[in-house]
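Trainee: I am new to aromatic contacts in protein models. Could you walk me through them?

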Amino acid sequence: MIAAEIIILNGRVLTMVPDAPRASALAMANGKILAVGSDDDIRLLSTSQTRVIDAGGRSVLPGFIDSHVHLFQGSAELDFLPVGGLTELEQVRQIAQEYASSRPEEPLIQGVGALYDLFSSTDEAPRLLLDKIIPDRPFALLAADLHTVWANTMSLKQSGLLNGADMPEGSTVVMGDDGFATGTLLETGAFGPVLALSRTGGRDMLGYVTGGDPNPPATLAEREADKVMLRKGLDHVAAHGITTLHNMDGNFYQLELLSELEAEGHLKARVQVPFHLKNFDPLERIQEAAEMHRSYQSDMVWSGRVKMFMDGVMESRTGLKTRAYPDDPNNHGEAVFDPSHFNESCRLIDALGLQISVHAVGDMAVQRVLDGYEYAQTANGKRDARHRVEHIELITEADITRMKRLNVVASMQPRHAAFAGFFTPPKPDTVFFADECARAYPWETIRQAGIPLAFSTDWPVVPVDVLANIQCAVAPLDLGVDWPAQGQSLLNSLKAYTASNAWMAFKENHTGSLREGLAADVVILDANIEETAPHSLEAVSVAMTFCAGKITFEQGRL
């Protein structure tokens, strides 16, 4: 009999295994779950060398899987200027000036987590408003949703955007009546040149902005600095009980860095990195996705997926809708991909046996993504593809039926929803017509339709705090009669962060549940989550995190 390296006793173990959902103890050895069962059974696996952990009645769960993050950018943002939650530029002024004065060598003062409210109450150009805060150095604010940047005059000059520039489809440098850029930069093609001014050289955003690698290649010093940055981010996610990340942007550079961290013993979470296909990429680039998949297939770092964008976001009115925005009657949003280009991309990717995930916020964007998936299925035949639609903030009833028929996965983020309580809900007849609210953020509608539903954070759009996101799902706000109840049960929400996310990545026989032979990815919470009030779930913290049987985070010592 194999002796356990670590055993956990006296826990409230939620296994996510349907025919054995609960236990009180488990044992780990050689990076795997050795056994799950009663305290008495698991004690038999202990030796004098075994670490015995008394969970003290706390919840023990499979390690959380965050299935939609931007790891490199989230890691970088831990050291940028945080402006999240601020609604007045005067609030930004003091902290921005203090940050700038403490960092005289910083090439770009980059604020992160900015809300659209900062610029909603004035017609003055954002660049001029930001000039009043920092006029003599490049200064820019990145929106919390990562889809808009507001830049001052100096940063526009240095990035070559002050007089406007040609943009790829779906990206816009907003121009003023004076012939100069206003400072509002919509989508990656527009704001990429500004973020490239930062101390990271924009390397943290390349997998998102272009999907390409640093050019010229990163120096050895830059690579080491980027690995230090990633390690800080990985420490951060481990402290939130996360053991697997599905990245939503990618390039070979990120895979190289993560593989080096794995070889050095510094990779605290499993990371899937996709190939990011942009709307301006020729179809031939899809072969690079196949190469990425062939080259990276380790237990901790792998690819096998292609990410695309179909639209932007509701807040900037770039989310693609079937009906125009109530407060902008001529605007249906921005389509990132031409339909024929997208459909053919889906066909080729699917034919290679790769998975597809596409950002689609508006209902027309979701419709076009499903068009592409159906086109691929018709051409290539049905298979267990588990293609994903990311976000789904609005969907038609017909496309809910079609998602089920096509076996497409809904990948959604509880804290994004209007009724989550994190972002201010849109005012009536601005983003949604009243009758559209019934089809907005439809978690429970999708679940009841039998469509696989997975949850994630979209860090750094919102904090990588799993329990806070679960609270949003379990206890959403009541916004009135126009908004049907979409609340989730606690167990369904936990499943959506564990077993469902493992299944979505074809890892259900490796992670996502606690059963013998699977990876020893485990989280111990500091409370019994089932006895915690729904509105207090975000106060529950993580006591310990294990990835592959190794302790990646420990708060005190149990």
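Mentor: Gladly! Phe-419, Phe-432, Tyr-441, Trp-443, Phe-455 and Trp-483 make up one aromatic cluster. The model is predicted, so local features need pLDDT of at least 70 and side-chain atom pairs count only at pLDDT 80 or more, while totals for chains, interfaces and linings use all residues. Residues are numbered from 1 along each chain as its sequence is written, and side-chain values use heavy atoms, leaving out hydrogens and water.

Trainee: How many aromatic pairs does the structure hold?

Mentor: Rings of Phe, Tyr and Trp (its six-membered ring) pair if their centres lie within 6.5 Å; planes under 30 degrees apart are stacked, over 60 edge-to-face, the rest tilted. The structure holds 13 such pairs. For Phe-419 and Trp-443, the centres are 5.2 Å apart and the planes at 80°, so this pair is edge-to-face.

Trainee: Where do Phe-419 and Trp-443 lie in the chain?

Mentor: Helices (H or I, at least four residues) and strands (E, at least two) are DSSP runs, numbered from the N terminus. Phe-419 is in the loop between β22 (409-412) and α14 (443-448), and Trp-443 is in helix α14, 24 residues apart.

Trainee: Is Trp-443 buried or exposed?

Mentor: Buried means under 20% relative accessible area, exposed over 50%, partly exposed in between (1.4 Å probe, protein chains only). Trp-443 has 1% relative accessibility, so Trp-443 counts as buried. Phe-419 is buried too.

Trainee: What about charges over rings?

Mentor: A charge sits over a ring if NZ of Lys or CZ of Arg is within 6 Å of the ring centre and within 35 degrees of the ring normal. Here, the charged end of Lys-507 sits over the ring of Trp-302, 4.4 Å from its centre.
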